[in-house]
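Please look at the sequence and the structure shown below, and keep both in view while you read.

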Amino acid sequence: MKLRLARRYAQAIFRLAREWQNLHEVEAELTIVEGVFAEAEVRSFFSNPGVPAADKKETVTRLFGDTVSGFVQNFLCHIIDKRRTAVLPEIIKSYRLLVKQASNILEVQIITAMPLAEQDKEQLATQLAHVTGKNIEVYLQVDQRILGGLIIQIGDRRIDNSVAAKLANLKRHMLNK
């Protein structure tokens, strides 16, 4: 429910930002908002039902002033009116995904047993870009438990070519005979 709601709000702000051709500016401003809302005191203030909405809106104006456009401030005021500030981090995350999709960028997480050399990372990104037809944004993670090989996570799809997975498959195959 919470994620679906966040996606709806993200899609709404995305459509407006795209219409006004300022997707990346809004993303940068939402990053500023995210940083401010990451503080426990700020989250506590905005989630407190005892604080009137007018005071929260005034605080938005004082907090963000010239650093965030009126468009984003109005969006925050709308979120306050609807009592949805708790969903704001998910809204921002969903908005970023929409911007990446619109920019033809695909996030790929690569898990290896040892750190990957920069040349290998670039080669892998190039191959994935060729296969997917998208610009690839690689996030590397080291997990020694996979023993060797690599795991590629693209959205919901997981390609597990690790030694640990191969050993587990071999063990399962041998136990079934």
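Ring pairs link Phe37, Phe45 and Phe46 into a cluster, where rings of Phe, Tyr and Trp (its six-membered ring) pair if their centres lie within 6.5 Å, and where planes under 30 degrees apart count as stacked, over 60 as edge-to-face and the rest as tilted. This is a predicted model, in which local features need pLDDT of at least 70 and side-chain atom pairs count only at pLDDT 80 or more, while totals for chains, interfaces and linings use all residues. Residues are numbered from 1 along each chain as its sequence is written, and side-chain values use heavy atoms, with hydrogens and water left out.

By the ring rule, the count comes to four aromatic pairs. One of them joins Phe37 and Phe46, a tilted pair with 4.9 Å from centre to centre and 35° between the planes. Another joins Phe45 and Phe46, and this pair is edge-to-face, with 5.1 Å from centre to centre and 85° between the planes.

Phe37 counts as buried because its relative accessibility is 9%, and Phe46 counts as buried because its relative accessibility is 3%, whereas Phe45, with a relative accessible area of 27%, is partly exposed. Over the protein chain, buried residues make up 35% of the 177 residues.

Turning to the whole chain, you can count eight helices and four strands, which are DSSP runs numbered from the N terminus (helices are H or I, at least four residues; strands are E, at least two). From the N terminus on, the elements run α-α-α-α-α-α-β-α-β-β-β-α. The radius of gyration of the protein chain is 21 Å, well over the 16 Å that the globule rule gives for 177 residues, so the chain is more spread out than a compact globule; this radius is taken over C-alpha atoms, and the rule is 2.2 Å times the number of residues to the power 0.38. Along the principal axes, the C-alpha atoms fill a box of roughly 70 × 35 × 25 Å.

Finally, consider the contacts, meaning heavy atoms within 4.5 Å. Among contacts between residues at least 6 apart in sequence, 67% join residues at least 24 apart.

Notes. Buried < 20%, exposed > 50% of the residue type's maximum accessible area, 1.4 Å probe, protein only.
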